[in-house]
Every structure is written in structure tokens, then in C-alpha cells.
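The exercises that follow are meant to be worked through with the sequence and the model side by side. Try each task before reading its solution.

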Amino acid sequence: MTDTALLDRDEVIAEALASGRSTRAITKELRVTTAELDAALERLFPIDTQARVRMIKSDLAQINRLTEIFFLKAVAGDVQAGTLTVKIWERKHELLGLDAVQRVDLQIINPPQEVPRHEKIRQVIERLTGRELQQPNDGNGRLDDDSAVDALSPPNHTVELSP
């Protein structure tokens with residue numbers, strides 16, 4: 001197929017799409033494969049960064065023109081024109097990404113697990129006394145009777161005195 005015939009077919013496809021026909025109906029009517037239709041659509045409507053920027057600029061030009069018209073009417077007192085002007089501004093900001101919701105990511109970082117204070121005290125006492133305490137306590141319980149005193153007192157050593 002020549003380049004001219006290909007361009008003509010692409011224009012027919014564009015007209016068919018613009019008239020509201022489905023891609024399935026177009027493939028049947030024009031006797032083209034889905035791959036050929038996809039290739040024509042890619043040539044007609046390329047979607048890349050440059051095409052997106054071009055479309056945004058084109059839309060912005062049209063939006064600016066509409067804004068001028070309806071803004072003047074709104075200033076003159078037309079309430080509906082004022083409402084439409086605000087909607088046009090919203091669309092413009094949406095196109096430019098100016099309406100982006102500010103997002104805050106909250107990160108909860110758990111502090112490193114520290115040894116509880118009562119455990120540190122217990123470890124110091126064990127180091128000083130040289131023995132392990134019988135009843136480790138989580139700091140919330142009670143030591144019965146004289147066990148607290150026993151836990152804190154030094155071990156019994158027999159001392160021999162020489163005469």
C-alpha cells in the first residue's frame with residue numbers, strides 16, 4: 001500500500017472514530033486487521049511525552065480563550081458565567097498539576113527496645129554481688145517477705161581468722 005493510500009485510509013479511520021463507530025465495526029467495514037487498525041491509530045494519535053505536552057498546550061490555549069469570554073461576563077454580573085469560569089480554572093489547574101493533593105507520608109519508627117530501668121538495676125546488683133538474683137522482677141510485681149532484702153544482701157561468706 002502506498003503512503004498516500006495509507007494516509008487516506010488513516011483519515012477514513014479517524015472520521016469513523018469521530019462519528020462514534022466502534023473499533024470492531026471499523027475493522028469490519030474497512031476490512032482491516034486489528035493490528036492494522038492499531039498501527040493507524042498510533043500514526044493518527046501518537047501517545048508519547050511530546051504528544052501529551054502538545055495536547056496540554058492546545059487545551060490550555062482553548063481554555064484561556066474560554067476564560068476570557070466567560071470571565072468578562074462574570075464580572076458584568078452573570079452568575080452562571082462566574083460558576084463556569086471557576087470550573088474552567090479548576091480544569092486548567094488540573095491539566096497543569098496545580099491541584100495536586102499534598103500528600104504526607106507518616107512513618108512510624110519504633111525506637112530501639114531499651115532494657116527497662118529496673119532490669120538495668122538488677123544487672124548492676126548481680127554484677128556487684130557476684131550472684132544471680134533468685135526472683136527477677138518486671139518492676140510491676142512485689143517481692144514477698146524478706147526476699148527483697150535477701151536479694152540485695154551479699155552472699156554469706158565464712159571468714160576464718162587465724163590466731
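**Exercise 1: The chain as a whole**

Of the contacts (heavy atoms within 4.5 Å) in the protein with a separation of 6 or more, 37% are between residues 24 or more positions apart. This is a predicted model, in which local features need pLDDT of at least 70 and side-chain atom pairs count only at pLDDT 80 or more, while totals for chains, interfaces and linings use all residues. Residues are numbered from 1 along each chain as its sequence is written, and side-chain values use heavy atoms, with hydrogens and water left out.

Task: state how many helices and strands the protein has, and what share of its residues is buried.

Solution. Begin with the secondary structure, taken as DSSP runs numbered from the N terminus (helices are H or I with at least four residues, strands are E with at least two); the count is seven helices and zero strands. Read from the N terminus, the order is α-α-α-α-α-α-α. Next, buried residues (under 20% relative accessible area, with a 1.4 Å probe and protein chains only) make up 17% of the 163 residues.

**Exercise 2: Helix 4 against helix 5**

Task: find how helix 4 and helix 5 are oriented to each other.

Solution. First take the axes, which are lines fitted to C-alpha atoms over the stretch in contact, with angles running from 0 to 180 degrees between N-to-C directions. Helix 4 (residues 49-75) and helix 5 (residues 79-96) pack at about 160°, and their axes are 9 Å apart. Then apply the classes (under 35 degrees roughly parallel, over 145 roughly antiparallel, 65 to 115 roughly perpendicular, the rest oblique); helix 4 and helix 5 are therefore roughly antiparallel. Among the residues that make the contact are I56, L60 and F70 of helix 4 and L84, I88 and W89 of helix 5.

**Exercise 3: Helix 1 against helix 2**

Task: find how helix 1 is oriented to helix 2.

Solution. Helix 1 (residues 3-18) and helix 2 (residues 23-30) pack at an angle of about 140°, with 10 Å between their axes, which makes helix 1 oblique to helix 2. The contact is formed by V12, I13, A16 and L17 of helix 1 together with T23, I26 and L30 of helix 2.

Terms used
Buried < 20%, exposed > 50% of the residue type's maximum accessible area, 1.4 Å probe, protein only.
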